[in-house]
Amino acid sequence: MAPLKHLEMENSIIDACFRDFCASHGILTVEDFLLHDLYELAAFAEREANADRLKEGITVMLSLIEVKCRPLLNGMELLEDLQRNKHTLSSGDNGADSLLQGGLREGQLTELVGPSSSGKTQFCMQASASVAEKQDGRVFYIDTGNSFCARRIAQFICGSSDAAALRKRVLSRISCHTVYDIYTMFDTLQGLEVALRSQVQMNVNEYRLRLLVVDSISSLITPILGGSGSQGRALMVALGYLLKKLAHEHNIAVLVTNHTVGAGESGKTKPALGETWKSIPHVRLMLSRDHRNSNCTISILKHTSMPSGKTVRTITRKDNQQCL
Amino acid sequence: METSRLPLSSSIRGKLISAGYTSLSSISSVSSTDLARDVKITESEAFEILKMANQISGSSSCNGRSSSLVNGARNAWDMLNEEEALPRITTSCSDLDKILGGGISCRDVTEIGGVPGIGKTQIGIQLSVNVQIPREFGGLGGKAIYIDTEGSFMVERALQIAQACVEDMEEYTGYMHKHFKASQVQMKPRDILENIFYFRVCSYTEQIALVNHLDKFISENKDVKVVIVDSITFHFRQDFDDLAQRTRVLSEMALKFMKLAKKFSLAVVLLNQVTTKYTEGSFQLALALGDSWSHSCTNRVILYWNGDERYAYIDKSPSLPSASASYTVTGRGLRNSSSSSKRVKMM
Amino acid sequence: MNIEYRYEFQILLHLEYARQLTTGCETLDECLRGGFPCDSLTEIVAESGCGKTQLCLQLSLCAQLPISNGGLDGSALYLHSEFPFPFRRLHQLSRSFHLSNPSIYADHNDNPCDHVFIQNVHSVDHLFDVMSKIESFVTNSKTRLPLKLIVLDSVAALFRSEFENTPSDLRKRASCFFKISGKLKQLANKFGLAVVITNQVTDFVESSDGLSGLRIGNLRCLYSSGRRVVPALGLAWANCVNSRVFISRSDDIVCQERRDDDESGSSLVSGRARRRLDIVFSPHLPPSSCEFMITRDGICGVRFFLREMGCSKSVYNHAINFIPQAIAFCMNPIHLVIAISFVVDLVRFSHISLTSSNLCGGRTRYGVVFFPALSGELLV
């Protein structure tokens, strides 16, 4: 947190004696200022020699802080923002789109849960191909398990004519980053945030980032959960909030995948990462695959605007669609 | 956290972080004189820091459209070209190769599991021999690392398979030179055996230590192209007081293998056992080590008996469709099975 | 924690290390391509009375043979969990072993039984206890021959009563298997031991999930004494051993003897049941099988080579014609029995019909010999 003397440059009222007064009450940074009881501080200021100046200093501090914090939005503004900025992206699969009433929503964090080889990575790659091709958006794919396969994405792109050039165009909008641990993940996301912010300033977005995929988030978090200490859970929550912030501020749809674990003696499976993570994503979808006829079923576990439990049969495994 | 990424001396970095400058954005928003005053460094040092910070954050935004957003990300188009150029290790059974898309892919972690006696060790030995097939015969010309946790590796068997491989190569040269006579090949079976680096581990601590050591070993032996672990589960099925600890250890090991595969462009083949899992009220067959392990590998192949034939089934793969093919284990190694009807079954 | 590990990636060295322990019987050795391998766990699965213990006793003695004769030049540790231990049989075998190999013991004036160390184990915990002491036993013992063979007879008896059928108990049982196997393999690797473990069978019961009939290895079904059986301890234990061989017995008695004349001597029924060894799975052996019998002097194989060699029909025919003369030269009932079983197998596996002229040549000094088993096989 920035120390108080930082503010002296622009606001001469925050001079040395104001700072000394604050220091005598243990306030050295803006954070301390916020945490302190301001009425008590004002009462103490009364008793000082230069009471007026000090009280003016406190007021200036408060107004500075107000300026810095986020503006309040009312409902109409939110609705406008939703309609103007937060579009729905088709996930490339008609069944899923109809289930989700349009597809993946920008500004929301969607989670895909499923046991191993149920089709989560396929869904992610299909969504990336669809966004890059049909919605002219860029895709940022964070891969934690070497499962990103450019060849498979190329198979999902079905163009009519001029196939090779189309493929090149579409594929160049998808960038893939390999991340193996959570600290690198934080670095990557913060770098992404900086890049996005500067992009907004420069208005360079011919193809702006529309989809962020993390496959899979559970392999980043499971190694740090458990054991001694609760840093694991804190990091998980921080990661979730960072993803949601990115989604909201820059109008990106975020798609993450999670795996399932067995639940006790009954043998039923439940999503990994526990109870704390449950409340973080906006939308949770459960994938399951019937091995006999290779049909995948998607059902809604949690959605902000739809009841849970609806299922749709989708036929995936569109294998060897040779669009070469 | 990002400040730690800057290439600075640790004392300056410590001063920055303790003064509150943990992210690059906080550094870039302040002027050099302020920074110098705050952190108690000279102005020139502060200027250097700012330049570095701006470089790192700015370089990713000032490029053109086709670049990556963040350092280190790669374009899918470049990756496509790379992927198509990746070599694959043949399994000597053409049906199996077909469903694997040409063979075991390098730069991937493949898990192969099955009941005892189905041929997992045979596949392991076959792959460690086949990776050494020289480039002029369509192979990789590399070496193999074989980590044996169970003691199933039999040298006589490896010698047998190596001899068969050399004989096949000799026949092939005869065919290529169109005189249909087998001619001498440079490689000899003993050379093939020498190029297999064999490690025997007898406890899980040894296994973890060895995996940690592999990075250094492979950097010194750059022509290793396949790492085979037979089997990955044996030492982990003993009593582990804390199952969560076992999961953590296993996922770290899986991570190391993935990094190895990616860094050195080699194939990692992990052989796994089969166990009965109690799900939904009944016992079912599943690969050992639990649910969380099943997410740690890129590809999974399951071997099973169908009647009197051995079959392999692609259970998990990002790019291959589910299919099964049959194979046999002969005195010369892995080969196609002789039944001609519908050997490759697509799902 | 300082872990000392050695990286022995000179596998060519293993070519010299890879030893095998002979079984004392040529047929079995041929089937096993030399015998039971060292640095490996081999499991013998059989129902009771098939000869597992006989084979193990014979192995403990063969371990003392010099390496040039296929032995390991070492002593054996016999861990037995079933009571009683066949001491008398061991002495019997040891006596004939001593007679046939006097040179090993001449210089030191001891006998084979001195090099077989017997320890009983009565529970799983006891076994862990014993195993923890083996290492110091090997390194500190002052015996003449170093320990080279460990026999565990049988592992199934240890688990018979301690564990119930609930999933958690089964999990605990499985982790015990891996612990035992891991420790034994570690010892085998460190000291170059051969480890032989025997296991029992249970009757095959069809279960709803189909897992009891799960095929493991080269044989689709295991039959012994005319009924279908399944090795005990399940899939988890099958994952713990390197190789598995299955010994079975069939109920058909090889031959019956009748006397033409009316002597009141007892009709000798040479009821030596046929015993068969199958390779279920092994990393270095192709699927094969052989037959043997248990005699007073130990295990004795029935020659079986023609099937494996895949000889042509003409050779079979030639051999068939040879048989009558062969039988006529039999000197005692044992040889007769062996020769007859050979003919039976020859017929069975070569699918050649025997004409009566071939058959009736079997007229020897012991009277006309009947081939009860053959009549069934001729229809094949």
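Contact here means heavy atoms within 4.5 Å, and the views below are close-ups of a predicted model. In this predicted model, local features need pLDDT of at least 70 and side-chain atom pairs count only at pLDDT 80 or more, whereas totals for chains, interfaces and linings use all residues; side-chain values use heavy atoms, with hydrogens and water left out. Residues are numbered from 1 along each chain as its sequence is written, while chains are lettered from A and ligands numbered from 1 in the order in which they are written.

**View 1. The interface of chain B and chain C.** The contact draws 43 residues from chain B and 40 residues from chain C. Together the two chains bury about 4,100 Å², with 64% of it on carbon and sulfur atoms; buried area is the accessible area (1.4 Å probe) that two parts lose on being put together, summed over both. There are three salt bridges between chain B and chain C, a salt bridge being a side-chain nitrogen of Lys or Arg within 4 Å of a carboxyl oxygen of Asp or Glu. In one of the pairs, C:Asp39 forms a salt bridge with B:Arg200, and the closest N and O atoms are 3.8 Å apart. The elements giving two or more residues to the side of chain B that touches chain C include helix H8 (155–176), helix H10 (204–220) and strand S6 (196–200) of chain B, where helices (H or I, at least four residues) and strands (E, at least two) are DSSP runs numbered from the N terminus. The residues on that side of chain B divide into 21 nonpolar, twelve polar and ten charged; Ala, Val, Leu, Ile, Met, Phe, Trp, Tyr, Cys and Pro count as nonpolar, Asp, Glu, Lys and Arg as charged, and the others, Gly among them, as polar.

**View 2. An open sheet in chain C.** Three strands of chain C form this open sheet in the order S8-S10-S9, with antiparallel pairing; two strands pair if DSSP finds at least two bridges between them. Strand S8 (201–203) and strand S9 (222–224) of chain C are the edge strands, each pairing on one side only. From one strand to the next, the twist averages 55 degrees. S8(C) is joined by three bridges to strand S10 (residues 227–231) of chain C, and the two run antiparallel. C:Asp203 stands opposite C:Val229 in S10(C).

**View 3. Helices of chain A and chain B that cross.** The axes of helix H9 (residues 163–172) of chain A and helix H5 (residues 76–84) of chain B come within 6 Å and cross at roughly 115 degrees; axes are lines fitted to C-alpha atoms, for helices over the stretch in contact, and angles run from 0 to 180 degrees between N-to-C directions. Here A:Arg167, A:Lys168, A:Leu171 and A:Ser172 in H9(A) meet B:Ala76, B:Trp77 and B:Leu80 in H5(B). This contact has four nonpolar, one polar and two charged residues.

**View 4. A salt bridge within a helix of chain A.** The side chains of A:Glu275 and A:Lys278 meet in a salt bridge, at 3.6 Å from N to O. These two residues are separated by about one helical turn because they are three residues apart in helix H13 (residues 274–278) of chain A.

**View 5. Cis peptide bonds in chain A and chain B.** In chain A, a cis peptide bond with omega of about -5 degrees joins A:Asp215 and A:Ser216, and A:Ser216 lies in the loop between strand S6 (209–215) and helix H11 (218–221) of chain A. In chain B, a cis peptide bond joins B:Asp230 and B:Ser231, with omega of about -10 degrees.
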